[in-house]
Structures are given as C-alpha cells and as structure tokens.
Amino acid sequence: MLDSYPEFQLRLPYGGPTARGRLLSESGTNGSQKMVVLAGSPARPDVVPSFPEKTPSSHRLRERLIADGVIRETSTWPGWLEVVEDVECNSPSAAGEILLGRSSNGWMEWKTEDGRPLADFLGQVWSGPSRAWLVRGPHSAGPDLFRRAWLPEGRVSLTAAHLRPLATQGISKEQLRTFVDEDYGSTATYTEKPQLVEELHAFLSRMRPGDTVCALSDGRLHTGKITGNVEHLVADDGSRVLWRPVEWGRDGFPLNELPQELRQKLALRHDVVDLTTVKAIVDGLGVSDEELVEEALADGSVISAEPLAVTARRDVELPEPTEELRKELHVHHLAWLQEIRQLLHDEKQLIFYGPPGTGKTFLAQELAAFFGGGPEQVELVQFHPSYSYEDFFEGFRPREDPDTHEVAFRLTAGPLREFAELARRQGNRHIPHFLVIDEINRANLAKVFGELYFLLEYRDRSVRLTYSDEDFSLPRNLFVIGTMNTADRSIALVDAAMRRRFAFVELSPRIDPTRALLRSWLEAEEKDPEPADLLDALNARIDDPDFKIGPSYLMKPGVYREGGLERTWRTKILPLLEEHHYGEGMDIEGRYGLPALRRALAARTTSPEPGDGTDAQ
C-alpha cells in the first residue's frame, strides 16, 4: 500500500515526458526508503555508456524489467519506453535510474508538481547540492575492510567505540562535542577529540542520501552513493559502529592514474574527508567528456560553458610562445622561449639568476602574463632580509575591529595563501596562475617557506599548517618564477633543497638572450648602436661574471635625452663598480668611464685587422 507522501514527478531528458512515483515508509535492502514508479510512466529508450559500471544494480534491474516486458515500447510517447505496471525500487535514486538510464540523485531529482524536491519531505535529509566524502576503514578492523565487509554488505562504517546511543543522526556539533568529551574521557587525547568530533559529525549529520562516498582498497579508489540514513551497530564487546547503506560501483580506479587535485585530498590522513571541492572530478571518473556534455544537454542544462566535471579535469596548458612574443621581448631564438615553457610545465618552479640589470624581473612578469593569459593571473612579491613565513603565507597580525575599533591579533593570510586559493577556485583550476618572487635570495628561504618547501616538490600531497592547523596543498595550476641577483648574494649560497625544487636559468651579459638584447632593442627603436658597443666594451673589462652590467640600464627613455647616456653612466653604472672594487684603490673612471671606453672603441676601429693586406709590403 502506498504511503501518505505526495506524488513526485521526474522529467525525462531532452525535454521529454514526465514520470510519476510514490515514496514508501518501508526501507529497502540497502536501508533507504523504497519508492514505487507508477504504471504509465515513460522511460528513456537508451542508457549512457557509463551506466552499467557506475550503477550496476540499477542497470541489472532495468535490463530485467525490459526482458520481462514491464518496460517496453509504447505508442503513448513515440520514441520512448513505458512502464506498464508499478515497479517497487530500493531507493528514489534507483527509481530514477531505471527511467533515466544514468546515475541519479533521486532525493533531488524527484520533485512535487510545485517543484519541491523529495528531500524536503524527509526529516533527516535537507536540500542543497550533494557532497562527496572519503571514508577510511579503521586499522583495528583488519586488512581491507572494503573488500571484506563494505562492498559485499553494501555499506560504509565508522567506528564510534565509546559514543552513547543518544548521538543520533542530525545531532549538532556542539552537542556531539559534549558527548565525545564525556564518553571518551581519558581514552582520547586533547588533540584527538576535536578531530573525532569533526569526523563523527560529518558521518552523523552532514552526510545524506544521494551523496557520493569513496573508499580506498588495494591501490584503487572505489566510489558509490549513500542510499540511506545512519544505523548503530553494537559489537560483542559493547563498542559501537555507525554505518550507512551504500550502492557501490562495479570497479575502482587506479590511484596513480587519478588527477593531482583528487590525489591531494585522498592523501589526508583522516577517517572522514570532505571531497566536495573535487566532487566534479570524482563524478567524472570513468566517464568521457562527450558523455558528460551529452548528459548536461539531456537534462536541459544551458551549455554556455563546459560541465564542471569536464572543466575540473582539464590539463593545465601553457600556451606555445609565438614569434610576436620573441620580437617583443627581443629574445634571440624562439627555441629559448620554448625551453622556458617546457621547464615551467615540468618543474612548476623556475628562477632567473644573473647580474643586475639583465631584465630578470621584467622577463619574469612578461612571461608570466603571457603563459597565464593576462596580468590578472600574476601576483608579484618581493623578498627582503626581514621577510618571514608570517608575511608570505599566514600568521597572526594586528587587525582593527571595524565595529569596536579595538586592535587584536588575528590569523591573516599572506600573498601565497590568498593567491593559491584564487587559483583553486572552481572556474580557475585549469588556468595557469603565476607567483613572481623578486629578489628571492635576499630572504632566509628556509624560514620563509617553512613546511611549504615540501609542497613545492610534492604537488600531490598536503601538509598540516603551523598556525591554522589545516591541511593545505599547492594547486596544480600555480607556478612560481623567482629572480635572483647574483651580485647581491652568490648563487652558490642557495641550499640544496632550493636547487632541487627550482629550475635555474641564467641571464647574463655573456650569453644569449641577454648578450644581444640591447643591440636588438636599439635596432628595433632605430637608435644609434653606440650604447651596445660601449656596454660590450665595459663588460669585457669586468672579470667577475656576477658583476657584469646588464642592458636594462641603457633601455630607458632618459638615456636618450640630451646628456642622458653620460648621466646614466655616472650615476647608475659607475657607483656599482666602485662598490665592487671598494678598497682596491682602482681608478674606476679611468678604467670604466665613457671617455676611456670610447677611446678604446675608436682605437679598435682604426687599427688594421689581421689579414686585410695593409702590412704585406
């Protein structure tokens, strides 16, 4: 007999006809409330390719109903099938799946005539988007709890060894905190209890039917759908276990083939992990992009952009450098830019190093803007000797309360954390974001990066943060370009940990692209090549490669005004060389001044070249 719930409706894909169903109070074999698909309801004639793998039990039921003639062709809706007698299903999702031919969240997709979802009529289930969870089996339960119990019994469980029976589904976190503190007493430490509260609250009150649940077993990720409410099981020793019914998919997915973002979340060492931020990736496992788009179109979604599951797993692609970019940056060969792109793609972190004035910061920003698709994907930070982890990532800083105007220390995010969260947002995950760190070697790098050093090398892992005590990982689309002035601190002083995590690219006046940069720029600007000749002559007299002078000093408009070259030489270049030779008693002007260099250049041009025949008399 049908219960006193209202009649629910389900619209078939592509704007098709509407099916009808009734919810029962009786529970099915998997613990969910049963649902009846009413006779006369239409059904989709085909199924999506992933349907047999993702929801095997619903696929088997649909096939049996078709074979028995319960679902068959109809003249009522040409091109559709029809359910000719009432069909009792184990859950609202199963009822939707045999009609839609795909995975379905029946608690949200079955709706009343006025548009209210079925979830609104269940006391322990609420509206809103469904979530995704990872649940780990306790080590005390023995090896591979998933294969031994969860999969064959169609459930997922969480140990609640000392929790009282009054901790029922829907309990508030505050009430649960009191229960855990009293029930666990000295059996759990003060650091274990908060995590215990979070995990129990998620399992009891945040999970709901229709949510995706994941489990790890034998190097594979298995996914399923929660189909019912929490049940309590008391073991022989009096300990308590919480469990929920789950319909598991047929096969798992190899962990080493999963997208990096998902692996980051799976690496968190908690018994219950909220995977909602990567739910789109989980939903897309085993499903082609074409099928995902087809499902979105079938549901009547407006495809103005890719479905989330498609966007979420798109690779982060860096655009190929162009000839126009090469000319704009005055780089000698396009192959050099292509190598920079490949280094960034492979390593994620890169440092331009060299003497002052070699255009390191300019090049870093221009390349970051090009590869990131615009300056809005670029964040610049400059390190200095007093820069710290608290400045760079997060720490307690004085902040004024806008209402009381009282100042108090509050945990505040630094530029790296803010930029990482921006890169991690749903619509940004496939777009490259670049953090440019200018003068990276002027700070104490081990102090500034702290535990983040680990994440630079292991992008698929996470670490527990020092201040916020949260798990944090670097998103796959965050790239770092640093600049290092070798005249300020020798590159030899960079520790091995830093070297291992960054690719190093030299920008020096003795090698391309810097060597020919000024001459190329002067030619493009149709200016006299003398400044390039003077710079070459100057650097030929500087023995230390870390103190050779870069071309950027001579690529500014002021240099080419009346007397500008002389001013720049006197006020910018010579002071650098005086500092370099401090205490040596060298005549800086006589060796590096413009008059001396011009005389040398003039003598070079008037001297006969060997082999020109002028001395063959």
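User: How do helix 6 and helix 7 pack, in terms of angle and axis distance?
Analyst: Helix 6 (residues 173-184) packs against helix 7 (residues 192-206) at about 130°, and their axes lie 9 Å apart. Axes here are lines fitted to C-alpha atoms, for helices over the stretch in contact, with angles from 0 to 180 degrees between N-to-C directions. Helices (H or I, at least four residues) and strands (E, at least two) are DSSP runs numbered from the N terminus. This is a predicted model, in which local features need pLDDT of at least 70, side-chain atom pairs count only at pLDDT 80 or more, and totals for chains, interfaces and linings use all residues. Residues are numbered from 1 along each chain as its sequence is written, and side-chain values use heavy atoms, leaving out hydrogens and water.

User: What is the orientation of helix 6 and helix 7 to each other?
Analyst: They are oblique; angles under 35 degrees count as roughly parallel, over 145 as roughly antiparallel, 65 to 115 as roughly perpendicular, and the rest as oblique.

User: Which residues in helix 6 and helix 7 meet?
Analyst: From helix 6, Lys173, Leu176, Arg177, Val180, Asp181 and Tyr184 meet Lys193, Leu196, Val197, Glu198, Leu200, His201 and Leu204 of helix 7. Contact means heavy atoms within 4.5 Å. The residues of this contact comprise seven nonpolar, one polar and five charged. In this scheme Ala, Val, Leu, Ile, Met, Phe, Trp, Tyr, Cys and Pro are nonpolar, Asp, Glu, Lys and Arg are charged, and the others, Gly among them, are polar.

User: Take Val180: buried or exposed?
Analyst: Val180 is buried, at a relative accessible area of 0%. Buried means under 20% relative accessible area, exposed over 50%, and partly exposed in between (1.4 Å probe, protein chains only).

User: And what does Val180 touch?
Analyst: Not counting residues up to four places away in sequence, Val180 touches Leu163, Gly185, Lys193, Leu196, Val197 and Leu200.

User: Which residues touch the most other members of the largest nonpolar core?
Analyst: Trp150, Leu163 and Leu200 do so, in a core of 32 residues. A nonpolar core is a set of buried Ala, Val, Leu, Ile, Met, Phe, Trp, Tyr and Cys residues joined through side-chain atoms within 4.5 Å. Helix 7 gives this core its largest share, six residues.

User: What is Leu163 in contact with?
Analyst: Apart from neighbours within four places in sequence, Leu163 contacts Leu176, Phe179, Val180, Asp183, Tyr184, Leu200, Leu204 and Arg240. There is also a second, separate core of 31 residues, which includes Phe392, Ala420, Phe449 and Leu478.

User: Changing topic, at what angle do helix 20 and helix 21 cross?
Analyst: The axes of helix 20 (residues 517-524) and helix 21 (residues 530-540) cross at roughly 170° and come within 9 Å. Helix 20 is therefore roughly antiparallel to helix 21. Leu518, Arg519 and Leu522 of helix 20 make the contact with Pro531, Ala532, Asp533, Leu535 and Asp536 of helix 21. By class, the residues of this contact are five nonpolar, no polar and three charged.
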